[in-house]
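Subject: Structure for your review

Dear colleague,

Please find the structure below, handed over for your use. My notes on helix packing and salt bridges follow it.

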Amino acid sequence: MITKTIDENSISVMPEDSDDLLNLRRIIKKDDKVIGDTTRVLKQDKDYSRPDKGERIKVRIALIVEKISLDDVLDRLRVGGTIYESSNEAVPHGSHHSFILKINDGITISKKKWSPIEKKLLESNSQNGFVLVAIDTADCGIARLKGTHLEFMPNIYSGSGGKRYKTNFNIEKFFEQVQQAIFSISKKEDSIIIFGPGETKKRFANFIEKSQKFKIKVVEGIDSGGEDGIYTFTKSKAMQEIMSDSKLAKASTIIDEVMLLANKKSNKFTMGFEETFKTNQMGAVESLVFSDRIIQENDEQKIMDFLNDAESKGVKIYSVDSSTDIGLRVTGLGGIVSLLRYAIET
């Protein structure tokens, strides 16, 4: 999340991924003030104009928040309220409006007082990203991992027709295409992780190292290229070892430990919202992973209040979605799992 402090009450923010939008959902409260650019339809008062026809204009609006909700699970944030200021005098004060906040949209949030948890949430997603490259002579899959979310690019195909056409195949042109795609999706501090079958991954790593723009790591043991290779890597032990500081690796480790405890019939874990909610009230939760399922199937505000309460107790929280195998695993376990500080007798 990109942030800029305006004064002790106001902070400008720009969400960079779905985790940031979720954090803003947890930060923005009723009666906060939000300022941002939007569009609004103004009715035309000209002669002969249709009474139901209006002109859509760009306008900067300040509103007092009345309702906040996630649209389409974690992809957009809707902030609705009453307008108290606008850059166009034709926009009536006191009328209602909703901001639809998406990734890379900027707003300013003003509060009477910022809580320590709210300030922590603004800073909690500052991790560097990883660009995952699953390459073979036939195709290449590319995805950027930020937090626990994967942003995929379409597969790139080399045009190689197999052994019969090998002499006509120029692999450097293919590498140039892949390099351009990587540069278009990557950020300055990202690391590039390259894997896939055979020796193509090493040849491509040597090719891209000429740019000297990024940290590059070649991974052995992933024998698939393309999108399948990306998914294989995110399930692998190699991912947990190489990217041990990433949120996805930490979430994956928690789930593996939960499954191990379940097999041992231990009471040091929970599955499902109600069980985790009650255990958190006792202060026993150490870390938790949740998927978008619990937001879909429960009262949204109750979930946000629960997450903020858990974080205030020192719980480490990781959100995952169905863009990864880990998200699907958590959804299959009731949408939320947690590791406990101590065993709870049932």
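Helix 2 packs against helix 10 (residues 300-312) at an angle of about 95°, and their axes lie 10 Å apart. Angles of 65 to 115 degrees count as roughly perpendicular, so helix 2 is described as roughly perpendicular to helix 10. Please keep in mind that this is a predicted model.

On the helix 2 side, the contact involves Ile117, Lys120 and Leu121; on the helix 10 side, these meet Asn308, Glu311 and Ser312. By class, the residues of this contact split into two nonpolar, two polar and two charged.

Now the salt bridges. The count for the model is 18.

Asp32 and Lys111 form a salt bridge in which the closest N and O atoms are 2.5 Å apart.

Lys111 has a relative accessible area of 4%, so it is buried. Glu118 is at 7% relative accessibility and therefore counts as buried.

These pairs belong to a network: Lys29, Asp32, Lys111 and Glu118 are linked by salt bridges.

The remaining pair is Arg60 with Asp37, whose side chains meet in a salt bridge at 3.0 Å, N to O. It too links distant parts of the chain: Arg60 is in strand 4 (residues 54-71) and Asp37 is in strand 3, 23 residues apart. How accessible are Arg60 and Asp37? The limits are 20% and 50%, with partly exposed in between and exposed over 50%. Arg60 has a relative accessible area of 38% and is therefore partly exposed. Asp37, at 59% relative accessibility, counts as exposed.

Regards

Methods. Residues are numbered from 1 along each chain as its sequence is written. This is a predicted model: local features need pLDDT of at least 70, side-chain atom pairs count only at pLDDT 80 or more; totals for chains, interfaces and linings use all residues. Side-chain values use heavy atoms; hydrogens and water are left out. A salt bridge is a side-chain nitrogen of Lys or Arg within 4 Å of a carboxyl oxygen of Asp or Glu. Helices (H or I, at least four residues) and strands (E, at least two) are DSSP runs, numbered from the N terminus. Buried means under 20% relative accessible area, exposed over 50%, partly exposed in between (1.4 Å probe, protein chains only). Axes are lines fitted to C-alpha atoms, for helices over the stretch in contact, and angles run from 0 to 180 degrees between N-to-C directions. Angles under 35 degrees count as roughly parallel, over 145 as roughly antiparallel, 65 to 115 as roughly perpendicular and the rest as oblique. Contact means heavy atoms within 4.5 Å. Ala, Val, Leu, Ile, Met, Phe, Trp, Tyr, Cys and Pro count as nonpolar, Asp, Glu, Lys and Arg as charged, and the others, Gly among them, as polar.
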